Amino acid sequence: MHDAMSCLYCQFPEALTAGLLISAVCALLGVFVILKRAVFIGITLSEVAACGVAASFLLGIPPIAGSFALVLGAVSLFAIPFENQRIPRDTLMGIIFIAATALTILLVSKSGPGLMEINAVLYGDLILASAKELKILFGILTPALLLFICILRPTLYSFMDREGAKVLGIKTWIWESLYFLMLGMVISAASQIAGALLIFCYLVVSPAAALVASKRIAHVLLIAPALAMLATFTGMVVSFNFDLPTNQTICMASCFLFVLVSIISGVYRRLLPIEHQN
């Protein structure tokens with residue numbers, strides 16, 4: 001394994017570093033996406049980010065600026081409390097997803113650069129990550145991760161027991177808004193390198209496997225990034241050795257780990273007494 005990692009790092013140092021960083025941060029944030037039962041937000045924000053990039057080509061501004069602007073606008077809508085609204089949050093996400101996907105295609109059709117070039121920027125390929133993109137990634141994901149760690153406890157209360165948190169005097173809307181803001185920042189920065197499908201995979205599959213593996217949230221927050229990083233490394237090694245598309249291979253490695261963890265957890269729970277399962 002050490003030889004494979006060394007070989008991969010020598011060939012694609014930026015891609016491996018970016019993949020491990022994106023997978024760890026997205027999987028950590030993805031635990032709360034699942035706890036909030038807002039899984040669709042990952043793919044929706046990825047499409048919104050792609051729409052922002054497409055708009056940037058027309059306006060002649062840096063892609064990251066257009067991506068940030070639209071994603072933060074969408075995040076501000078998702079942060080609104082939906083308990084008393086006539087439509088659920090998922091419905092709004094669906095509408096925004098459709099609008100962003102369609103508008104992206106329309107904007108691309110009117111852009112000056114070639115379609116292949118724009119598609120590469122819009123939907124990303126992890127193996128093509130550059131040193132400049134890696135610096136931007138570190139500059140955005142590292143502060144977002146530190147902020148997430150600082151607000152972890154109140155955010156956890158807000159997401160797992162909203163009414164109980166209000167009784168304790170926790171202003172849930174503040175922590176939920178900060179969480180969605182961080183999620184938007186991370187997806188904006190990562191989607192151009194990793195692409196919408198891989199970001200969605202990191203936000204859902206590895207956190208789901210971690211929640212299957214353990215009921216203790218502290219364990220889940222450690223297992224999810226570890227599984228995502230393992231899937232990234234495994235997928236990149238397989239992709240490198242068998243000449244397969246990197247992003248899709250990592251997605252399949254993540255799903256394989258999910259099935260493996262589910263089987264092991266099921267066997268473990270059957271064999272051990274209930275009081276020892278947690």
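This is a predicted model: local features need pLDDT of at least 70, side-chain atom pairs count only at pLDDT 80 or more; totals for chains, interfaces and linings use all residues.

Biologist: With which residue does Phe97 form an aromatic pair?

Modeller: The general idea comes first. A pair of aromatic rings is described by the distance of the centres and the angle of the planes. In this structure Phe97 pairs with Phe40; the ring centres are 5.4 Å apart and the planes stand at 55°, so the pair is tilted, the class between 30 and 60 degrees.

Biologist: How many aromatic pairs does the whole structure hold?

Modeller: A search of the whole structure finds 5. One of them joins Phe32 and Phe148, with 5.2 Å from centre to centre and 85° between the planes. That pair is edge-to-face because its angle is over 60 degrees. It too links distant parts of the chain: Phe32 lies in helix α2 (residues 13-35) and Phe148 in helix α7 (residues 131-150), 116 residues apart.

Biologist: Are Phe32 and Phe148 buried or exposed?

Modeller: Buried means under 20% relative accessible area. Phe32 has a value of 0% and is therefore buried; Phe148, at 3%, counts as buried too.

Biologist: Which residues join Phe32 and Phe148 in a cluster of ring pairs?

Modeller: Tyr179 and Phe180 complete the cluster. With neighbours within four places in sequence left aside, Phe32 is in contact with Phe148, Leu152, Thr155, Leu156, Phe159, Tyr179 and Leu221. Of these, Thr155 is 123 residues from Phe32 in sequence, yet their C-alpha atoms are 8.7 Å apart in space.

Biologist: Let us step back to the whole chain. How many helices and strands does the protein have?

Modeller: The secondary structure comes to 13 helices and 0 strands. Among the 278 residues, 47% are buried. Of the contacts with a separation of 6 or more, 75% join residues 24 or more positions apart. The protein exposes about 13,800 Å², and carbon and sulfur atoms supply 71% of that area.

Biologist: What does UniProt list as "transmembrane region"?

Modeller: An annotation should be read beside the model. The unreviewed UniProt entry lists residues 15-35, 64-82, 94-116, 136-157, 178-205, 217-238 and 250-268 under that heading. In the model, residues 15-35 are 100% helix and 0% strand, with end C-alpha atoms 30 Å apart. Residues 217-238 are likewise 100% helix and 0% strand, and their end C-alpha atoms lie 31 Å apart.

Biologist: Where is Ser56, and what does Ser56 touch?

Modeller: Ser56 lies in helix α3 and is buried, with a relative accessible area of 2%. Apart from neighbours within four places in sequence, Ser56 is in contact with Ile61, Pro62, Pro63, Gly66 and Ser67. For another serine, consider Ser265 in helix α13 (residues 246-271). At 8% relative accessibility, Ser265 counts as buried, and Ser265 touches Val212 and Ala213, not counting residues up to four places away in sequence.

Biologist: Which residues form a nonpolar patch on the surface?

Modeller: The patch consists of Val259, Ile263, Val267, Tyr268, Leu271 and Leu272, which together have about 550 Å² of accessible area. One member, Val267, lies in helix α13 and is partly exposed, with a relative accessible area of 43%.

Terms used:
Residues are numbered from 1 along each chain as its sequence is written. Side-chain values use heavy atoms; hydrogens and water are left out. Rings of Phe, Tyr and Trp (its six-membered ring) pair if their centres lie within 6.5 Å; planes under 30 degrees apart count as stacked, over 60 as edge-to-face and the rest as tilted. Helices (H or I, at least four residues) and strands (E, at least two) are DSSP runs, numbered from the N terminus. Buried means under 20% relative accessible area, exposed over 50%, partly exposed in between (1.4 Å probe, protein chains only). Contact means heavy atoms within 4.5 Å. UniProt positions are given in the numbering used here, feature names are shortened, and annotations may be inferred rather than shown by experiment. Patches are made of residues with over 30% relative accessible area and no salt bridge: like charges are joined within 9 Å, nonpolar side chains (Val, Leu, Ile, Met, Phe, Trp, Tyr) within 5 Å. Accessible areas come from the Shrake-Rupley method with a 1.4 Å probe; for residues, only the protein chains shown count as cover. A salt bridge is a side-chain nitrogen of Lys or Arg within 4 Å of a carboxyl oxygen of Asp or Glu.
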